[in-house]
Amino acid sequence: MASPPRPNLELRPLGNTGLKLSCVGFGASPLGSVFGPVSEHDAISSVREAFDLGINFFDTSPYYGGTLSEKMLGKGLKALGVPRNEYIVSTKCGRYVEGFDFSAERVTKSIDESLARLQLDYVDILQCHDIEFGSLDQIANETIPALQKLKEAGKIRFIGITGLPLSVFTYVLDRVPPGTVDVILSYCHYSVNDSTLVDLLPYLKSKGVGVISASPLAMGLLTENGPPEWHPASAELKSACQAAAAFCKAKGKNISKLAMQYSLANKDISSVLVGMNSVRQVRENVYAATELATFGKDQETLSEIEAILSPVKNQTWPSGIQES
């Protein structure tokens, strides 16, 4: 039976992979109850809603919720009952609840475990997860060659790397043969408070590497409720973001939607990955994208937010804290 027509959420090419990702990506870490309990019903419903609204890219990791995120996403995708080529799945290796292990042996075993949990025969992208916590030379010389063997075996289609410090991407990409790494996933570096990823985009494009940007809300900084207690940002950055959120609210605007639209507006980024665990969140994120496509950015309010955040612009934090 043919799938019904889906809403026109923009699809963007991912580097040289030939994949076209929905501009909004479904971050499945919350399905692992990372930010509070999520029922199986809600997990499956949110995946269904995302797919029905045009999201075709789903990202997870064995680290999220101690493998629960992969299991929940697997159930959600299976419940769709659509051909496998209608969605793109990315998972990760090297970071686990028990710690980091980027050895060839562990990542080779890891993909089989992930495929079983996801109930899939292959994933589209396998990414080395938070590589700044491993040896970057090991990533280049041992982990990525092991992933190439998995590619040859048909268990994965493309290879990626993820991390917080932008310097890890250039270090590895300069040390592997061209075309070996297909995609990078960066988080918290392309949002209204920190746009440092933009400086790396020409380099990544020259290498033919696709770009996924996660956490457009800066792990909760750019929300009305504010970040979780453990958020590693400085008090100054938290305070400025709180002031920006309050300013938006007073104008009848929502800072999260504006921040999402800021991130979506750069078409050199293939997909903006955002964590979702409810039908409501899925609808809000898709609506932000469709509104942007129809009406463009609210540049006036964004400029006012940027002015409030200018004293802390591009201020980051060390790696090592729980991520979204």
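A pocket, on a 1 Å grid over the protein atoms alone, is an open set of points with protein on both sides within 12 Å along at least five of seven lines; a cavity is a set of points where a 1.4 Å probe fits but cannot get out, and lining residues have an atom within 4 Å of a point. Grid points are joined across faces, edges and corners, and a volume is the space filled by probe spheres set on the points.

With that in hand, welcome to this predicted model, in which local features need pLDDT of at least 70, side-chain atom pairs count only at pLDDT 80 or more, and totals for chains, interfaces and linings use all residues. Residues are numbered from 1 along each chain as its sequence is written, and side-chain values use heavy atoms, with hydrogens and water left out.

**Pocket and cavities**

The largest pocket holds about 1000 Å³ of space. Its lining is made up of 39 residues, and L217, T223, V274, G275 and Q281 lie nearest the centre. Helices (H or I, at least four residues) and strands (E, at least two) are DSSP runs, numbered from the N terminus. Among the elements, β10 (183-187), α8, β12 and α9 each supply at least two lining residues, and α9 gives the largest share, 6 residues. There are also 2 cavities of 30 Å³ or more. The largest cavity has a volume of about 40 Å³ and is lined by L173, V176, P177, P178, G179, T180, V181, K207 and V209.

How enclosed is helix α8 (residues 255-264)? It is largely enclosed by the rest of the structure, because 9 of its 10 residues are buried (under 20% relative accessible area; exposed is over 50% and partly exposed in between, with a 1.4 Å probe and protein chains only). These buried residues pack against β1 (11-13), β3 (24-27), α7 (235-250), β12 (271-275), α9 (279-295) and α10 (299-309). At the start of α8, a side-chain oxygen of N254 comes to within 2.8 Å of the backbone nitrogen of S256.

In soluble globular proteins, nonpolar side chains tend to be buried together. A nonpolar core is a set of buried Ala, Val, Leu, Ile, Met, Phe, Trp, Tyr and Cys residues joined through side-chain atoms within 4.5 Å. The largest one here has 106 residues, of which V24, F26, F58 and I161 touch the most other members. Helix α4 (residues 136-152) contributes the largest share of this core, 7 residues. Beyond its neighbours within four places in sequence, F26 is in contact (heavy atoms within 4.5 Å) with residues including L31, V47, F57, L273, V274 and V282.

**Residues in loops and the end segment**

| Residue | Relative accessibility | State |
|---|---|---|
| T67 | 18% | buried |
| C188 | 2% | buried |
| N314 | 32% | partly exposed |

T67 sits in the loop between β4 (57-59) and α2 (68-80) and touches P62 and R117, not counting residues up to four places away in sequence. C188 belongs to the loop between β10 and α6 (201-206), while N314 lies in the segment after α10. Most residues other than glycine have a negative phi. The phi of C188, however, is positive, near 65 degrees, and N314 also has a positive phi, about 65 degrees.

**Annotation**

An unreviewed UniProt entry lists residues 24-291 as "domain: NADP-dependent oxidoreductase"; such annotations may be inferred rather than shown by experiment. The end C-alpha atoms of residues 24-291 lie 13 Å apart, and the span is 41% helix and 17% strand.

Note on methods:
Polar contact = N/O pair within 3.5 Å; in protein donor to acceptor, adjacent residues only side chain to side chain.
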